[in-house]
Amino acid sequence: MKLTSEVVARVAQLARLRLLPEELNQLTIELQSILQYMDKLREIDTSEIEPFTQAVYSSNAFRDDLVTNDPNTDAILANAPATAKTFFKVPKIIE
Amino acid sequence: MNLFSLTIHEASDKLRKREVSSQELTEAVFQRVAETDGLIRSYITLCREAAIAQAKEADERLKREAPSSPLLGIPVALKDNLLTQGLRTTCASRILDNFISPYDSTVVAKVRSAGAVITGKTNLDEFAMGSSAENSAFFPTRNPWHLERVPGGSSGGSAASVAADQCIAALGTDTGGSIRQPAAFCGIVGLKPTYGRVSRYGVIAFASSMDQVGPMTKDVRDCALLLEAISGHDPADSTSVNCPVPSYSKSLTGDIAGLRLGVPKEYFTSGLQWTVDEAVTDAIRQLEKCGAIIEEVSLPHAEYAMAVYYIIATAEASSNLARYDGMRYGHRAAGRDLAETYMLTRAEGFGPEVKRRIMLGTYALSAGYYDEYYLKAQKVRTLVCRDFDTAFKHCDAIVTPTSPSTAFKMGEKIQNPLQMYLSDICTISINLAGVPAISVPCGLDREGLPIGMQVIGKHFDEPTILRVAYAYEQQTEWHRKKPALSHA
């Protein structure tokens, strides 16, 4: 199957990645050759095979809904690109 | 004997006998770093001051009490994708350039409470995506055995730091071979534990169904000691398994008589560098001399593992890396609106390989391609797992090369992603199946570059692979060989 740069551009939009035109072209070529290699999987009949879920069996891990970490507001906010009081400051999300 | 050359067990012994202090040991290690890291560049962040303080504290504890852990006072390096409270944790990415972790990962908390001295944070391929440490956003690390060669990846900084004696031991992470392949390239020991054996809490996620933290050490005994210190159930990681941690060092008996070792023919194909083939074949003969029973086994789906891995790992990565949106931490670009801020933040913050994998993973998960790629890969993953189940009915452990070649040249594969991916061909099936595996040095090629042998075990059977690796190590001198570092 031929991968088009339109498909790659749509995937970049889904992945929230702004690509320069030369990056888009380069990725189209690279992804095409990687996907071609992946096509190897078609050689195997998997119609009767269950998809993998986990390597080591474990049932769901439940715990009480309790706060166990220390409040560390200053350390957490210290990493934020922008803050106001004890909040993260983010771009407007509703027009 | 230089103090920095010591292993954990040798140094711990000297600390106990008060022949040397942790402060002396730590200062010797930092002296070594000062002499060698200008060229090798194992470390992204060094914490000399804090380390000396930790060493002094360890010395006080050693005066007061009999040490409860062999790690007390031992300088250990950490891969820079392990969260360390109050310390910069970058994952070798621009997007986390200035990130100071507000908490410790469980593995780091464990080595800290054992009294280890943290030397610093080591270089890696950005977000652990790569096989050469060249994908670091900051600088590549060089192989101490040959400065024009890569140290392997992604835990290239940890491997190089252990090989160059810039720490006594290190922690790495392994999603597709990222501990074992650099261990092989740098002539050290590295172990990828069973999935669920070691907590992933506070380990920056790449592919969550395969990521594991493990030891990178100068010999097998150290590997057992460090593994014991980091293993165990953690309620903060819902995939960590609640089963007892055995005393791994007790499995180092040197006796492997009657043990059945499987050799899968699929791993000894024409793609193998002949010197690697020869060294691993010799090593298998050595194991046979020690009384092991060698049997041919088959892992028929081995040839599909690469395709399966690069679909599943990238799909998981595309999902895990969605969190880097520039809102709560990390780099934020100046966009005109929210959508553009996201797009530019990620475009500026991620390097080319990370973008490539996010794109591949997003594609494999997107509408119209999900069944064809992601679901198909998960079905073939079931077959890869069954291969191991079947093989382990006939043997107790499996022996293979760790990598098809020795350390390749810097720049040799960086332009060809598929070629780079293929350098993981011997290690990725192990992560798909969640089984444990260790790499031990088993020779040098004609250019003097280290070769690694991989021993693969059943789920939670780390004791057997450590036993095999130790028995082999007892018979050989490969683990004692050191890079000359003459041009460093």
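Strand β9 of chain B and strand β11 (residues 450-456) of chain B pair in the antiparallel sense over four bridges. Strands pair here if DSSP finds at least two bridges between them. Helices (H or I, at least four residues) and strands (E, at least two) are DSSP runs, numbered from the N terminus.

This is a predicted model: local features need pLDDT of at least 70, side-chain atom pairs count only at pLDDT 80 or more, and totals for chains, interfaces and linings use all residues. Residues are numbered from 1 along each chain as its sequence is written, while chains are lettered from A and ligands numbered from 1 in the order in which they are written.

**Strand β9 of chain B**

β9(B) spans residues 397-401. Five of its five residues are buried. Buried means that 20 or more other C-beta atoms lie within 10 Å of the residue's own; exposed means 12 or fewer, partly exposed lies in between, and C-beta atoms are placed from the backbone. β9(B) also runs parallel to strand β7 (residues 260-264) of chain B, joined by two bridges. The table gives one bridge for each pairing.

| Strand paired with β9(B) | Sense and bridges | A bridge |
|---|---|---|
| β11(B) | antiparallel, four bridges | B:I398 with B:I456 |

**The largest nonpolar core**

A nonpolar core is a set of buried Ala, Val, Leu, Ile, Met, Phe, Trp, Tyr and Cys residues joined through C-beta atoms within 7 Å. The largest one has 171 residues. B:V76, B:V308 and B:I311 touch the most other members. Helix α9 (residues 305-320) of chain B gives the most to this core, with eleven residues.

What does B:V308 contact, leaving aside its neighbours within four places in sequence? Its contacts are B:A377, B:V380, B:R381, B:V384 and B:L432. Contact means C-beta atoms, placed from the backbone, within 7 Å.

Chain A has three helices and two strands, in the order α-α-α-β-β. Its radius of gyration is 23 Å, well over the 12 Å that the globule rule gives for 95 residues, so chain A is more spread out than a compact globule. That radius is taken over C-alpha atoms; the rule is 2.2 Å times the number of residues to the power 0.38. Of the 95 residues, 16% count as buried.

The contact takes 40 residues from chain A and 53 residues from chain B. On the chain A side, α2(A) gives the most, with seven residues.

Note on methods
Two residues are in contact if their C-beta atoms, placed from the backbone, lie within 7 Å.
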